[in-house]
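Trainee: I would like to learn how to read salt bridges in a model. Could we work through a case?

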Amino acid sequence: ADVGSQKERVVTEEEWLQKWEMGNIGFHKEQGNPLLRKYLDLLLNGRSGLRIFFPLCGKAVEMKWLADMGHSVVGVEVSEQAVKEFFSEHSLPYCEEPVPEISGAKMFQSTSGNISLYCCNIYDLSSSIVGKFDGVWDRGALVAVNPRDRQRYASLMINLVEKNSSYLLVTVLYDPNKHKGPPFYVPESEIKSLFG
Ligand code: SAH
């Protein structure tokens, strides 16, 4: 397929915030993604008490699933509205604090301590701020990244994972000439070259 039609497309931070304000969030699924249940064993690999990262997390209900299983969840999301909706829709009390390393960023943490959501641009994160992760749930994340930023995104993700980590990636398959994205079409060959 010709992916050239999407290469130059840019969705700005402002546009994402607007989508949340307008309730234009068709990507959010109340019921969560069945693929996480299906491939859960691959993610956990028999381990318990993992640190799991949710890039571009929105208010993904899977964060609650994994926290309820005893893992600790860290997400990053540019929309503060999304983050607050996550906690309120699950009736989770939380506190918020600034992130000293990132100007303007806030971290929202469940009172129980096992869910921490950073409200900032993902490219402002580093392992010195959030540590490293045993697992990643990437749904609506790589495919939401602007095509020109994919390399940067993949390098960051590689930096944020431990050696023995598992990375579950959900992509979408469609004709990129018929839809401008997001979600963007990321061909398998590109995934291979990004993540090796
Ligand atoms: N993964 C979630 C949301 C997918 S939509 C789910 O499965 O439901 C992509 C989300 O990424 C949006 O909520 C958008 O606000 C957020 N986002 C987009 N660019 C971002 C960036 N550079 N840094 C942090 N969040 C971003």
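This is a predicted model: local features need pLDDT of at least 70, side-chain atom pairs count only at pLDDT 80 or more; totals for chains, interfaces and linings use all residues.

Trainee: How many salt bridges does the structure hold?

Mentor: A salt bridge is a side-chain nitrogen of Lys or Arg within 4 Å of a carboxyl oxygen of Asp or Glu. The structure holds 10 of them. One of these joins the side chains of E89 and K59, at 2.8 Å from N to O. E89 belongs to helix α6 (residues 80–89), while K59 sits in the loop between β1 (51–54) and α5 (62–68), so the pair ties together parts 30 residues apart in sequence.

Trainee: Which helix and strand does the pair of E80 and K106 tie together?

Mentor: The side chains of E80 and K106 meet in a salt bridge of 3.2 Å, N to O. E80 is in helix α6 and K106 in strand β4 (residues 106–110), so parts 26 residues apart in sequence are tied together. E80 is partly exposed at 25%, and K106 is partly exposed at 26%.

Trainee: What is the case for E190 and R150?

Mentor: Their closest N and O atoms are 3.1 Å apart. E190 lies in helix α9 (residues 188–195) and R150 in helix α8 (residues 150–160), so this pair ties together parts 40 residues apart in sequence. R150 is buried at 5%, whereas E190 is partly exposed at 23%.

Trainee: Which residues are joined into one network?

Mentor: E80, K84, E96 and K106 are, through salt bridges that share partners.

Methods. Residues are numbered from 1 along each chain as its sequence is written. Side-chain values use heavy atoms; hydrogens and water are left out. Helices (H or I, at least four residues) and strands (E, at least two) are DSSP runs, numbered from the N terminus. Buried means under 20% relative accessible area, exposed over 50%, partly exposed in between (1.4 Å probe, protein chains only).
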